[in-house]
Structures are given as structure tokens and as C-alpha cells.
Amino acid sequence: MSGTSGGRLWTIRGLGLAAVLFGLVTIMEGGHVLFGGPEPAAAAGAYVPFVVWFNFLAGFAYIAAGLGLLTGRPWGGRLALVLALATLLVFAAFGVHIALGGAYETRTVLAMTLRSGFWVLAAALALTGARSDGRGHSP
């Protein structure tokens with residue numbers, strides 16, 4: 001194993017661990033807003049329900065993708081790609097919501113930017129690692 005492929009392996013595993021933690025936090029925070037009653041909903045401000053629901057449900061997929069990346073499963077990178085594409089699609093719909101004059105929180109723009117970047121990076125690294133690995137699976 002070369003130093004570069006070993007470094008990529010640790011990067012992908014680090015992203016996997018980060019994805020699991022990110023998923024747990026996403027589920028807790030989204031669940032708090034969605035199911036915690038009027039106080040947490042009010043504290044969230046002008047949140048956009050479809051974005052919060054998407055992120056809450058995606059949190060479970062974050063954990064699955066993270067576990068796939070951590071264990072070097074080929075489906076981990078593919079699930080990361082699905083999450084990247086789905087997050088970008090929801091981000092675009094959120095942009096339309098804003099363009100049509102819908103209320104929103106600036107922190108949602110920042111959070112969706114972070115989520116999109118994370119999953120694009122995770123998918124790119126995992127899938128390019130799979131192509132460069134002669135055995136045909138993610139490192």
C-alpha cells in the first residue's frame with residue numbers, strides 16, 4: 001500500500017466517523033425541532049419544514065453511509081453520492097423557497113452549504129478511491 005492510498009484510506013475512514021457523528025447530531029437536533037413541542041420550534045426561528053424533515057430523515061442515512069465508509073464497503077461511497085445529490089436537490093428547492101420570498105434562517109443556508117460540501121467531498125473521495133483500488137472496492 002502506498003503512502004497516498006494509505007492516507008486516502010484514513011481520510012475516508014475519518015469522513016465515515018464524522019458522518020456517523022454528524023448523523024447522530026442531525027437526528028437529535030431535527031427531532032428536537034420537529035417533536036419537541038412549541039418551544040424548540042419557536043427557538044428554531046423561521047425554519048423551513050421540508051428542509052428540517054429532509055435533514056432529520058437523512059440523518060439515519062448519514063449513519064449508514066458513515067458505517068459503510070468506516071468499514072470500506074463499496075455501498076458506502078455510493079450512498080454518500082446519493083446523499084450528496086439529494087442534499088443538493090433539497091438545497092436548490094430551499095433556494096427556490098427563498099427566491100419566492102419564503103422566510104428562512106441564515107444558519108440554514110450555512111448548514112446546507114456545510115452538508116452539501118461534506119457529502120460531495122465524501123462521495124468524491126470514496127468513489128475515486130474505489131476506482132483506484134485494483135480490487136474494485138472502496139478502501
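**Aromatic residues, outside and inside**

Trp53 is partly exposed, because its relative accessible area is 37% and that class lies between buried, under 20%, and exposed, over 50% (1.4 Å probe, protein chains only). This is a predicted model, where local features need pLDDT of at least 70 and side-chain atom pairs count only at pLDDT 80 or more, while totals for chains, interfaces and linings use all residues. Residues are numbered from 1 along each chain as its sequence is written, and side-chain values use heavy atoms, with hydrogens and water left out.

Trp53 sits in helix 3; helices are DSSP runs of H or I, at least four residues, numbered from the N terminus.

Now the pairs. The whole structure has 9 aromatic pairs, meaning rings of Phe, Tyr and Trp (its six-membered ring) with centres within 6.5 Å; planes under 30 degrees apart are stacked, over 60 edge-to-face, the rest tilted. Phe35 and Phe56 pair edge-to-face, at 5.5 Å centre to centre and 75° between the planes. Phe35 belongs to helix 1 (residues 3–35) and Phe56 to helix 3, so this pair ties together parts 21 residues apart in sequence. Phe35 is exposed at 54% relative accessibility, whereas Phe56 is buried at 10%.

Tyr62 and Trp119 make a tilted pair, 5.0 Å centre to centre with 50° between the planes. Tyr62 is in helix 3 and Trp119 in helix 5 (residues 106–132), 57 residues apart. Tyr62 is buried at 0%, and Trp119 is buried, also with 0%.

Finally, ring pairs join Phe22, Tyr62, Phe118 and Trp119 into a cluster.

Notes: Helices (H or I, at least four residues) and strands (E, at least two) are DSSP runs, numbered from the N terminus.
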